[in-house]
Amino acid sequence: GSDLEKTCKGLNYQLSRSTADAYFMTLFYGILDPAERSLRWISAGHAPMFFYRADGQIEELFSTGIPLGIIEDTRHEIAPQTKFSPGEILLIGTDGIWEAKNMSGEMFGTQRVCELLVRFATEDAASIVEHLIEELNCFRGEQTQNDDITLMIVKAC
């Protein structure tokens, strides 16, 4: 549905009632309006997201509420509407990206994610995803992947 708060509240209610106390789920839920070049979104514990601005700066966008399934009556706020200018990029990913470790135990880190986003900002969204995954795999080397890696890039033309 298009009612972000209502959808999030319903999901939270169902998860709170149907899962054990130790379980929860993070969620990023957004509605992109290509005509308005805008994104309305809500985040239940899913953070950070990275917004590459036209001036080359990266803004970290943080969660608007706690993960789903923890507190039944919690409220998740809608973030301020995000407007896109040409060339701007939103990166949404799971923590398996920045928490990935190499053979030395060093984490990939959010700083490295930001540096790669800047480096590949002139490329299309699919290429940015490919480069980030390639760099992550190269960094990790033979180290076992311990968490899921999910990544989505939204780039304004």
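Student: How exposed is K83?
Tutor: K83 has a relative accessible area of 43%, so K83 is partly exposed; buried means under 20% relative accessible area, exposed over 50%, and partly exposed in between, with a 1.4 Å probe and protein chains only. Please note that this is a predicted model, in which local features need pLDDT of at least 70 and side-chain atom pairs count only at pLDDT 80 or more, while totals for chains, interfaces and linings use all residues. Residues are numbered from 1 along each chain as its sequence is written, and side-chain values use heavy atoms, with hydrogens and water left out.

Student: Which residue forms a salt bridge with K83?
Tutor: The partner is E36, and the closest N and O atoms are 3.8 Å apart. A salt bridge here is a side-chain nitrogen of Lys or Arg within 4 Å of a carboxyl oxygen of Asp or Glu. The two residues are 47 apart in the chain: E36 is in the loop between β1 (27–33) and β2 (38–44), and K83 is in strand β5 (residues 82–83). Helices (H or I, at least four residues) and strands (E, at least two) are DSSP runs, numbered from the N terminus. E36 counts as partly exposed, at 47% relative accessibility.

Student: How many salt bridges does the structure hold?
Tutor: It holds seven. R75 is exposed at 56% relative accessible area, whereas E77 is partly exposed at 44%.

Student: What does R119 pair with?
Tutor: R119 forms a salt bridge with E135, with 2.8 Å between the closest N and O atoms. R119 belongs to helix α2 and E135 to helix α3, so the pair ties together parts that are 16 residues apart in sequence. R119 counts as exposed at 52% relative accessibility, and E135 as partly exposed at 26%.

Student: Let us turn to α2. Which of its residues are buried?
Tutor: In α2 (residues 110–119), the buried residues are V113, C114, L116 and L117. Seen down the helix axis, they fall within an arc of 165°, so they line one face of α2; the arc is that of the directions from the helix axis to the C-beta atoms. The face turned away from the buried side carries the exposed residues Q111 and R119.

Student: And what covers the buried residues of α2?
Tutor: The cover includes β3 (49–52), β4 (58–61), β6 (89–93), α3 (125–140) and β7 (151–155), where contact means heavy atoms within 4.5 Å.

Student: In what order do the four strands of the open sheet run?
Tutor: The order is β4-β3-β6-β7, with antiparallel pairing; two strands pair if DSSP finds at least two bridges between them. β4 and β7 stand at the edges with a single partner strand each, so one side of each has no neighbour in the sheet. Ignoring direction, neighbouring strands are turned by 20° against each other on average. α2 packs on this sheet, touching β3, β4, β6 and β7, and its direction makes about 30° with that of β3. Axes are lines fitted to C-alpha atoms, for helices over the stretch in contact, and angles run from 0 to 180 degrees between N-to-C directions.

Student: How many bridges pair β6 and β7?
Tutor: They pair over five bridges, in the antiparallel sense; G93 has L151 in β7 as its bridge partner. α3 lies across β6 and β7, running at about 145° to β7.
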